[in-house]
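I am opening a notebook on a structure that is new to me.

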Amino acid sequence: MSLSAAARACCRLLTVIRCPPVGSSSIMSRLLHSDGQVNGLKNKGKSTICVEGNIASGKTSCLEYFSNTANLEVMTEPVAKWRDVQGHNPLGLMYTDPTRWGLTLQTYVQLTMLDVHTKPSLSPVKMMERSIHSAKYIFVENLYKSGKMPEVDYVVLTEWFNWITKNIDLSVDLIVYLRTSPETCYQRLKMRCREEESVIPLEYLSAIHGLYEEWLIDRSSFPVPAPVLVIDADKSMEEMIQHYEENRGKILAA
């Protein structure tokens with residue numbers, strides 16, 4: 001990594017810090033001024049469930065299924081924000097040129113997922129689509145391991161993540177891992193025809209799958225922040241509904 005390249009990467013990060021996206025100031029204000037403390041943000045007596053899995057593994061369908069459950073609030077991934085930051089589409093830019101835009105997108109993903117984690121819930125149970133943990137352990141890690149993220153970008157994002165997890169309570173009570181084969185995800189991805197995903201190859205889904213397996217099944221890569229309930233999600237929607245009903249007690253008891 002040349003000095004000029006490192007300098008450009010640092011400048012991009014400083015731009016994000018000095019000129020935060022719309023809405024980020026309210027997030028930071030809530031974090032820094034809640035009861036005058038940085039930590040201790042989790043609502044006591046409430047639980048958080050994170051639904052994890054590859055792209056097109058069925059996470060949204062899972063959340064939709066549980067959305068009518070009493071005393072449970074569903075919080076989806078803020079994909080709409082990633083597609084439109086004051087008219088810019090960092091998600092689409094990242095898929096087109098991950099080396100150039102990986103840091104930009106993942107910095108914003110980290111911020112918006114932090115917002116979801118710390119947003120007060122009116123219900124005893126919060127069910128989230130993915131987490132700030134998988135944003136770092138899966139997607140940032142994949143960019144770096146595939147050679148598409150310069151080391152200086154990776155180190156800076158890691159420093160931010162470590163500070164956040166050390167100083168803010170982002171504890172999770174249960175991870176529901178929708179375990180799917182990359183081939184199944186690839187077929188579903190093609191069927192739903194999202195514009196940004198049209199350039200995703202099977203190799204990318206295989207890499208994401210491998211990182212999830214190392215993290216949640218083998219437990220050989222990064223800390224797992226909660227117990228893991230593994231659900232075979234290579235099934236039809238009808239079969240998945242049966243799986244959800246069979247595991248409802250385990251999921252809601254988190």
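**Strand pairing**

I began with β1 and strand β3 (residues 125-129), which pair in the parallel sense over five bridges. By pairing I mean that DSSP finds at least two bridges between two strands, and the names follow DSSP runs numbered from the N terminus, with helices as H or I of at least four residues and strands as E of at least two. This is a predicted model, in which local features need pLDDT of at least 70 and side-chain atom pairs count only at pLDDT 80 or more, while totals for chains, interfaces and linings use all residues. Residues are numbered from 1 along each chain as its sequence is written, and side-chain values use heavy atoms, with hydrogens and water left out.

I then looked for the bridge partner of cysteine 50 in β3, and I found methionine 128 there. β1 is also joined to strand β4 (residues 174-179) by five bridges, and these two strands run parallel. In that pair I noted isoleucine 49 with leucine 174 as its bridge partner, and valine 51 with valine 176. β4 in turn is joined by five bridges to strand β5 (residues 228-232), again running parallel, with valine 228 of β5 as the bridge partner of isoleucine 175. I also saw that arginine 179 stands opposite aspartate 232 in β5.

**The sheet as a whole**

In what order do the five strands stand in the sheet? I read the order as β2-β3-β1-β4-β5, forming an open sheet with parallel pairing. β2 (72-75) and β5 stand at the edges with a single partner strand each, so one side of each is left without a neighbour in the sheet. Neighbouring strands of this sheet are turned by 20 degrees against each other on average, with direction ignored; the axes are lines fitted to C-alpha atoms, for helices over the stretch in contact, and angles between N-to-C directions run from 0 to 180 degrees.

Next I asked how β1 (residues 47-53) is covered, and I found that seven of its seven residues are buried, so the strand is largely enclosed by the rest of the structure. Buried here means under 20% relative accessible area, with exposed over 50% and partly exposed in between (1.4 Å probe, protein chains only). Ser47, Ile49, Val51 and Gly53 point one way from β1, while Thr48, Cys50 and Glu52 point the other way. I reminded myself that in a regular strand the side chains alternate between the two faces of the sheet. β4 is mostly covered too, with five of its six residues buried.

**Helices**

I found helix α3 (residues 59-66) lying across β1, β2, β3 and β4, at about 160 degrees to β3. Helix α11 (residues 237-246) packs on the sheet and touches β4 and β5, its direction making about 150 degrees with that of β5.

Turning to helix α7 (residues 132-145) and helix α10 (residues 202-217), I noted that their axes come within 10 Å and cross at roughly 130 degrees. Among the α7 residues that meet α10 are His133, Tyr137 and Ile138, and the α10 side includes Tyr204, Leu211 and Trp215, where contact means heavy atoms within 4.5 Å.

**Two single residues**

I looked up tryptophan 215, which is found in helix α10, and at 0% relative accessibility this tryptophan counts as buried. Not counting residues up to four places away in sequence, tryptophan 215 touches several residues, including Glu52, Ile175, Phe222 and Pro225. Tryptophan 215 and isoleucine 138 are 77 residues apart in sequence and 8.3 Å apart in space, C-alpha to C-alpha.

Leaving aside neighbours within four places in sequence, threonine 180 is in contact with Asn54, Ser57, Cys185, Arg188, His209, Ala233 and Asp234.

**Whole protein**

Among contacts between residues at least 6 apart in sequence, 76% join residues at least 24 apart.
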